[in-house]
Amino acid sequence: MTANSKAAIAEALSEVRARTLALVEPLDEEQLNRVYSPILSPLAWDLGHIANFEELWLVQTVGARAPLHGDLGRFYDAIENPRKSRGELPILRDAELRSYMADVRERALEVLDSVDISSAAEDPLLREGFVYEMLLAHELQHNETMLQLLQLVAGYESPAVDDLLAFEPPGAGPETIAIAAGEYEVGAPGHGFAYDNERRRHTVALDAFEIDRTPISNGAYVEFMESTGAKPPLYWGRDGDGWVSTAMGRRAPLAPGHPVVHVSWEQAHALASWAGKRLPTEFEWEAARPRLEAVGHAWEWTASDFSAYPGFEAFPYPQYSQVFFGDEHKVLRGGSWATHPRVARPSFRNWDLPQRRQIFSGLRCARDA
Ligand SMILES: [Fe+2]
């Protein structure tokens, strides 16, 4: 979906907000404000941050208006405030938080009415509605972060959010797909919304390789654990001889054929080595993407560090991706069951630290041909 007219933008903003609010609808204020984990924000922080990001870009930057609450924005700055400290901040809570979200939205829509979002717009932020696409993507990405936290909320029932698709098992087929050596185009095209780190589109030379047709399943992960003594994924518990999911305080059966999630890069790397294979690089993953099955249930760890593409230019701010470039973070590709389709384009690059398992992360193996 492209938000190419003001009416379409307003509608998309409203749909995405409804999705955000549906996720927290079953929770009380205590649950919204509770710190469940030092690596995940309290939900009230996410909600305030979503609204504050909207105010910063759609009201203050684009509309040149003063902020509603003075310098409140500094408490919602994701770089300035590490996740472990966010529960202690003087952030908005309860009714004040709800009315801030509504007030920001009202102002953002007033500004939208008055700006030029055509392809001829002078400001690259506004041209073809870029800043609105960025806002929608940001909120949807926070929905996924919120769903990570919600795995820790005992008794949480996912509301009927229609794009949280159930996994459909892939059909029968070969174990691996062969990809020929050659030059492959990677990255986002010059037109349409994408983040700065997906550009520029460029050509990479790849040697011939094979990649698994399907991601590693829960059943295959159990085999790996039994054979090597490796640790289980996050939210797995023992149940007699087998394993169950312990997410959301339940003990639910793990479908053996479903892609495994909540695996660290270290675990993914070890599993691939145990299988006599390796993780694909992110460009191998992208080159094979048109032929891969079961993409979109689990983020897939790759062998690649998160780094800049040739000709990278930070836009619209260096804190989105540039500050994370280097050898500390590993790239994940694809998208999980909690990723909105609007976010999960083939060139989208996710990244995290190699020890992290709170994300919906799995893997697919590759090997040299
Ligand atoms: Fe954010």
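Is Arg17 buried or exposed, judged by its relative accessibility? Select Arg17 to start: at 8% relative accessibility, it counts as buried. Buried here means under 20% relative accessible area, exposed means over 50%, and partly exposed lies in between (1.4 Å probe, protein chains only).

Some ground rules before moving on. This is a predicted model, in which local features need pLDDT of at least 70, side-chain atom pairs count only at pLDDT 80 or more, and totals for chains, interfaces and linings use all residues. Residues are numbered from 1 along each chain as its sequence is written, and side-chain values use heavy atoms, with hydrogens and water left out.

**Stop 1: the Arg17 pair**

A salt bridge is a side-chain nitrogen of Lys or Arg within 4 Å of a carboxyl oxygen of Asp or Glu. Arg17 sits in helix α1 (residues 6–24) and Glu139 in helix α5, 122 residues apart, so the pair links distant parts of the chain. Helices (H or I, at least four residues) and strands (E, at least two) are DSSP runs, numbered from the N terminus. Glu139 counts as buried too, at 3% relative accessibility.

Arg17, Glu54, Arg105 and Glu139 are linked in a network of salt bridges. Across the whole structure, a search finds 23 salt bridges.

**Stop 2: the iron ion**

Select the iron ion. Its coordinating atoms are NE2 of His49, NE2 of His138 and NE2 of His142, at 2.2 Å. Donors are N, O and S atoms within 2.8 Å of the metal (3.2 Å for Na, K and Ca). Water is not among the atoms, so sites may look incomplete. Along the chain, the donors follow the spacing H-x88-H-x3-H. His49 belongs to helix α3 (residues 43–61) and His138 to helix α5 (residues 130–150); this pair links parts of the chain 89 residues apart. Both His49 and His138 are buried.

**Stop 3: α1 against α3**

Show α1 and α3 as cartoons. They pack at an angle of about 165 degrees, with their axes 12 Å apart. Axes are lines fitted to C-alpha atoms, for helices over the stretch in contact, and angles run from 0 to 180 degrees between N-to-C directions. α1 and α3 are therefore roughly antiparallel to each other. The angle classes are: under 35 degrees roughly parallel, over 145 roughly antiparallel, 65 to 115 roughly perpendicular, and the rest oblique.

Next, go to Ser37, in the loop between α2 (29–33) and α3. Ser37 counts as buried at 11% relative accessibility. A polar atom of the Ser37 side chain lies 3.1 Å from the backbone nitrogen of Ile39.

**Stop 4**

Select Arg199 and Arg200. The peptide bond from Arg199 to Arg200 is cis, with omega near 0 degrees. The side chains of Arg200 and Glu313 meet in a salt bridge (3.3 Å, N to O). Arg200 is in the loop between β2 (182–186) and β3 (202–206), Glu313 in the loop between β8 (299–305) and β9 (330–333), and 113 residues separate them. Arg200 is partly exposed, with a relative accessible area of 47%. Glu313 counts as exposed, at 55% relative accessibility.

Then pick Phe315 and Pro316. A cis peptide bond joins them, with omega about -5 degrees. Pro316 lies in the loop between β8 and β9.

**Stop 5: Glu293 and Arg213**

Select Glu293 and Arg213. They form a salt bridge whose closest N and O atoms are 2.5 Å apart. Glu293 lies in the loop between α8 (282–288) and β8, and Arg213 in the loop between β4 (209–212) and α6 (218–228), so the pair ties together parts 80 residues apart in sequence. Glu293 is partly exposed, with a relative accessible area of 28%. Arg213 counts as buried at 10% relative accessibility.

**Last stop: positive phi**

Most residues other than glycine have a negative phi. Select Glu128, in the loop between α4 (94–114) and α5. Its phi is near 55 degrees, a positive value. Glu128 is partly exposed, with a relative accessible area of 48%.

Finish on His262, in the loop between β7 (252–253) and α7 (265–274). Phi of His262 is near 65 degrees, also positive. His262 counts as buried, at 5% relative accessibility.

How values were computed: Polar contact = N/O pair within 3.5 Å; in protein donor to acceptor, adjacent residues only side chain to side chain.
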